[in-house]
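Here are a few quick notes to read alongside the model. Have a look at the structure first, then go through the points in order.

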Amino acid sequence: MDTDIDRTLVADLARIMVAEVRPAELPMFRPMSEAYFADPERSLAGGDGGGGPLRIGETGLVLLLTPVALAAAEEVTKYLFGEAIRPALVRGGAAVRRLFGIGGRPGKSETAVRLTDEQWAHVHRIVEDVAVRFGHGQDVAQVMADTVVGAAHRATWAEPR
Amino acid sequence: MTSTPQALGPPGTAAYEPRPAPAGTTVLFALLVSTVLITSSVVYMFLWGIVVPSRATRLGTAMRTCWGREQSIINHPVKTLADLARLGDAADRAERCLRPIYAEQASWTVACVAALFAVAVVIYWAYPLWFVRRRGLTPILREDCPELVDELERLSRAAGLDRAPTFLLAPYASTSGGLAFGRWRRRYVQLDAGLLVGYTTDRGRFQAVVLHELAHLRNRDVDTTYLTMSIWWSFVALALVPTAVVTLHPQLFTTPLRWRPPKGALPLSVGLALLVLTLLLYLTRNAILRVRETYADARVGEAAHGGESDRPAVALRAVVDGLAPPDRWRAALGTHPHPGRRRQAIDDPAAMLSPRSWELFAAGMATAVMVANLRYVFDQLLQTRVIVSSAGTGMICVLGVAVPLVTAVWRAAGRAPAHRLPVRAILPMPVVLVAGYLLGEQLSWVSVLVGWTAMVTGGVEQSLAAAILLLAGAVTLAFWTASVAHTAPSPGRRGRGVLPAVAAAGTAAFLPWFGVWVSAHDRQGLLATLDPTIIVPPLRAGAPGWYAAVTYWAEMDYPPFLYLTHNPLTLPALTLLWLVPVIVVNRRRGSLRGPEEDPYRVRDALITGLVGAVVFALAGAVLLYALKEMVPASVRHDLNSFPYSVQSALAALAVIAQALVAATVATFARRHRPVLIPLAIFTTGSLATGITLLGLNTAGRCVDLYENRPPACFRLPEAGLTADFLHTVLVEGAVATVPAALLGALLQVLVTRLRRLGHPGTADPRPHRPATRVILTTALALLVTVAILGALAEAPHAYEIWTG
């Protein structure tokens, strides 16, 4: 990630997905996201808890959602800043955060960000692709993508016209 | 000794009750540390001459010079006790001559061993930091999930912990495991990210894993486990690898760049010794780790058996079921036990008390390795007499055999406290221990390197004699422990500290025996001094045949036995055999309980001992009369030999009286013979000593047995002579007791069967006649006083004998 503000945005966006799809992971979302930002590849790869003489536990891996949600959110953020909107028109991530309903009201000088239907479809595809790529089923991927897009639409509906 | 709890109380309470069954891993850990300490000492002595080649040259020259001076004595055949003494003196002189160069070697060795343990401490200290850093562990904070933190604190309290550990999340771990680790005063529990998902979705499984890890903390496993690992790695890095390198490249420090294949059998021997040692340490290490795991499982299982919800136990069973089953060898020798064993621990925690043969075998092996190596270290570094260094080695290393044996028997007895352990359950334990010892003796570093053990060089008969004697001692200790364990107080109110007390008493009682056994076994072998030309006394000219026979048997000497007899530790050891059990079962209000509550028939044992003493007095009087009437005055008036012969004959009579007493108690006592017999024979022996020195000797002088018209009939006996007589009577009596007691026990079996045939269905409820507490306490206090005064009075003479 490039900046701290981006990390916050990514984490907030990922939290929406985790809260919707796997709320059981919310208690550990903060440390998990910090671990992800420190080493995304290791976080996504998963793995055992390391050896240890007093260790107990099954060796089977649990497919965690948090790292995948963070990866998907990161991809979405990159897409938004890189292609969908003009960074010059937005200050930091505030406008994008409001796009997903995770920020306050815009300032007077700030331009509101809006995406076209095609762009929303692309965002949906990004989330689905990332989720499937890292091992989740199509159904979970679908729900994650719907959650992201749905959050944005709810935010749009809630905004005063 | 590490022990495990019995029951998990209601959540939120510290509810574990202490349980008397020890895991036994503290003993194993101590053995591991001792083996590393002693073996690395030998290894560094070996490396001392290799790292700096000029040292080896100097040592070789010094040895040739010092031993060369004593060559004539060494080559002289040993035929008498005087020859033996001269040989010992020659060895002592040679050792003194070598002292300066050995001191140099000692300094190097001490420094290297200190470095090894320092590195082990550093590893132990750094382990947690490395875990946290490498695994990216991060604390689980209340602000992230207060309910989760509350649950973890509740589980910590339920596990009986005064202070909750620091729970850490392993964010990169998508498995569902946990791990306890940490160092002194800093405990952590790692919870995998995958496991934390289960906090919401599968609470039972989450609790099971957390409780298992908390059980490790409650069982104080963290220090034992990680110190074990640290010592192992330090040993591998600083002792094993350097030795392997110089074994493969002996010229490393002279011509490092020119490697030639090592020649001769020495590298092979060193390689074999290294391999055996490594295996022994590795297997001991893994054994410790396996036991800790099953004890943590058992603790969770006990919660269900203690009336608490069985949900964690059921969930833990599911977790164990989900573990990948290791192959047979890995399960038997690896760091984690087989899931089947773990399931057994959860379902039936009492199964943990089953004897573990491997543990006793490993203890025997480790102790043998220690004995062989430590004796070498003592010889090289302390420069004491060979007999002292050998016996001292045995007396130190006795812990390695006695404590595991006592613990194992105690654990086995704990499985069914209401029933006596059958003989078939007791016997295998000392057998396995002795088997491990005998094997370990052959495989110790020093044995392989120097090839000096009697087992290898002494022949089959030496090996057999040594094995039988060691086994006899171990079997006696095992039966004694089983007897004490059967009457020991139940856990809880009065059970605390009983096992350490019994283990200490058993070890102390075994100490003189084992010390002398090691010494005699290591030197020339136990049968070497059984040469008739050495041990048989000369015949008395002109004496009647029966008198010659009496003196022949009464004055026969067996040198190794002298070190057992003239030993200030022996009487206290014999005393502890009956004193500690009696105190353990009577320690309420700090004094003896009323006999009606006393499981031991102390009164009966004392009376039997008293009767034995009366029989001895009568037999002694008859003997004196016979001597006076039948032995010519010319023989009797030889003050150089006759008084000694009389004393020897009276001592032999006292020994026979004790054997009869032992047989009587074994025949009539229905329970606790291993405790009652020592008490009874101690009574007989002590009284016989008093009767001889104050009564029979006085009577002998009065009837002119030794000389014409002695100045006075009564003479106060000298303290040293009294102590000598007391020791001779009690120690020889104790040895004679073993076959006599076995005969008595057999007789009881026969009598019981005959009675059952005559009156089927009837038991023999002999009434337990009470005696007053004051009389019992006074009698026992008198016997203890005799033991203490006897040991103190014997000390100067023992010092002379031991130091030559």
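The points below cover the contact between the chains, then a helix pair.

1. Bear in mind that this is a predicted model. The contact between the chains draws 28 residues from chain A and 43 residues from chain B.

2. The largest share belongs to α7(B), with eight residues.

3. What is that side of chain B made of, by residue class? It has 21 nonpolar residues, 16 polar and six charged.

4. Strand β1 (residues 56-58) of chain A runs antiparallel to β5(B), and three bridges join them.

5. Now for a helix pair within chain B. The axes of α8(B) and helix α11 (residues 311-321) lie 8 Å apart, at an angle of about 90 degrees. Angles of 65 to 115 degrees count as roughly perpendicular, so that is how α8(B) and α11(B) sit relative to each other.

6. Which residues make the contact between α8(B) and α11(B)? From α8(B) they include B:Val209, B:Leu211 and B:His212, and from α11(B) they include B:Val314, B:Leu316 and B:Val319. By class, this helix contact has nine nonpolar residues, three polar and two charged.

Notes. Residues are numbered from 1 along each chain as its sequence is written. Chains are lettered from A and ligands numbered from 1 in the order in which they are written. This is a predicted model: local features need pLDDT of at least 70, side-chain atom pairs count only at pLDDT 80 or more; totals for chains, interfaces and linings use all residues. Two residues are in contact if their C-beta atoms, placed from the backbone, lie within 7 Å. Helices (H or I, at least four residues) and strands (E, at least two) are DSSP runs, numbered from the N terminus. Ala, Val, Leu, Ile, Met, Phe, Trp, Tyr, Cys and Pro count as nonpolar, Asp, Glu, Lys and Arg as charged, and the others, Gly among them, as polar. Two strands pair if DSSP finds at least two bridges between them. Axes are lines fitted to C-alpha atoms, for helices over the stretch in contact, and angles run from 0 to 180 degrees between N-to-C directions. Angles under 35 degrees count as roughly parallel, over 145 as roughly antiparallel, 65 to 115 as roughly perpendicular and the rest as oblique.
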